Amino acid sequence: MSTAPGQSADNPFPVRGVAIRVAGWIDKLGAVWVEGQIAQLTLRPNSNTAFITLRDPAADMSLSLTCPRDLVTNAPVKMTDGTQVVVFGKPNFYTGRGTFSLRVSEIRAVGIGELLARIERLRRLLDAEGLFDPRLKRPVPFLPGTIGLITGRASAAEHDIVAVATGRWPAVRFEVRNTVVQGPNAVPQIVEALRALDADPHVDVIVLARGGGSVEDLLPFSDETLCREIARCTTAVVSAIGHEPDNPLCDLVADLRAATPTDAAKRLVPDTAAEQALVADMRRRSARALRNWVNREQHTLSQLRSRPVLARPLEAVNARAEEVDRARTAARRDITRLLTAESDRVGHLAARLSTLGPAATLARGYAVVQTLPASGAPQVLHSVADAPAGTRLRIRVADGSVTATSEGQHDDHGDG
């Protein structure tokens, strides 16, 4: 069973067959308008055809163009590398070499007004995405050790930044990346240098610098790819593009905008002389403040020492010494009188106690009789019934005691 041509190894297309078919398919696409940036323009001698490489500024893509030589040489605006153009052409596949190109029949340079309008649309887009948010700005170090510098080779911007920065602080170091700063190759080179410096741990801040120029010259610094790469950096980025009136989009994305490259150097690196003068002034002010404080404290101490209570501290004591002596005499007299009175009272109480005590009673002839049981403590005899015959007794008198034995109860009434 046979297969269609080109569908098996046994029935392949010849090269010419594929080329002719591809040319037919591309020819059906029709003419289109395309916008881009001229990356390369070649005008060969003795050739009526101009060869152009058209680049997309926002992507790493390009397209080959061919057009009549007169279309380039007679253009109202000079066509050079980096010119932004809009072309009208028809896709064409050249079967002889198997190459694709766009055969251009009309070229228009993009005007400044259109460029500004497109930049404004991109500005609104990036702003809506938050790339200009001040809260996302990274702080710029006060004294960077190493400054990453992206600028043109041997440019005035590089000279100004390095000269001004080293003049203000000689110890500052630079990591310079020279790139093209205009034209179709500017954005890829700047992005590559930006990534390299951002990955370097020794770089404390990155400066993107370029001198002044036209809107077309500064167009790479409003490129969307570059703006997004600046926003992705972890190292602080300073934009020093053009002069004060120039305001490309990278100024809004960067962490710090400098009016000029010289202004960037001044804002990044402190002036040694100015800092030394500031330190000297602060030392003078602090010394003056300290002396004033010491003088105030000395004056306060002098005032305190001049007060009578501190100038003559014993005067108040001496003035009260006589009063203290009188108080001590009165206290001693009162205490003596109190002791005498209490001593007399104690003597009276002792006399009364002696008079009323048992010893005095015994001295008058009385005696205390106690029974002495066989066991237990002696008991005072209160009744004759408590001392039957044979009861041992103890009789206590004034000068001692005697032991006796009871003979029983006697009736004293008959004896009288």
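Modeller: Phe-88 is partly exposed, because its relative accessible area of 25% falls between the limits (buried means under 20%, exposed over 50%, with a 1.4 Å probe and protein chains only). This is a predicted model, in which local features need pLDDT of at least 70 and side-chain atom pairs count only at pLDDT 80 or more, while totals for chains, interfaces and linings use all residues. Residues are numbered from 1 along each chain as its sequence is written, and side-chain values use heavy atoms, with hydrogens and water left out.

The count of aromatic pairs comes to one, where rings of Phe, Tyr and Trp (its six-membered ring) pair if their centres lie within 6.5 Å. The pair is tilted, because the planes of Trp-33 and Phe-88 stand at 45°, with ring centres 4.8 Å apart; planes under 30 degrees apart would count as stacked and over 60 as edge-to-face. Distant parts of the chain are linked in this way, since Trp-33 belongs to strand β1 and Phe-88 to strand β4, 55 residues apart. Strands are DSSP runs of E with at least two residues, and helices are runs of H or I with at least four, numbered from the N terminus. Trp-33 is likewise partly exposed, at 44% relative accessibility.

Both strands belong to a barrel, closed by five strands in the order β1-β2-β3-β5-β4 with mixed pairing; two strands pair if DSSP finds at least two bridges between them. Strand β1 (residues 32–43) pairs with β2 (residues 49–55) in the antiparallel sense over six bridges. Within this pairing, Leu-41 has Ile-52 of β2 as its bridge partner.
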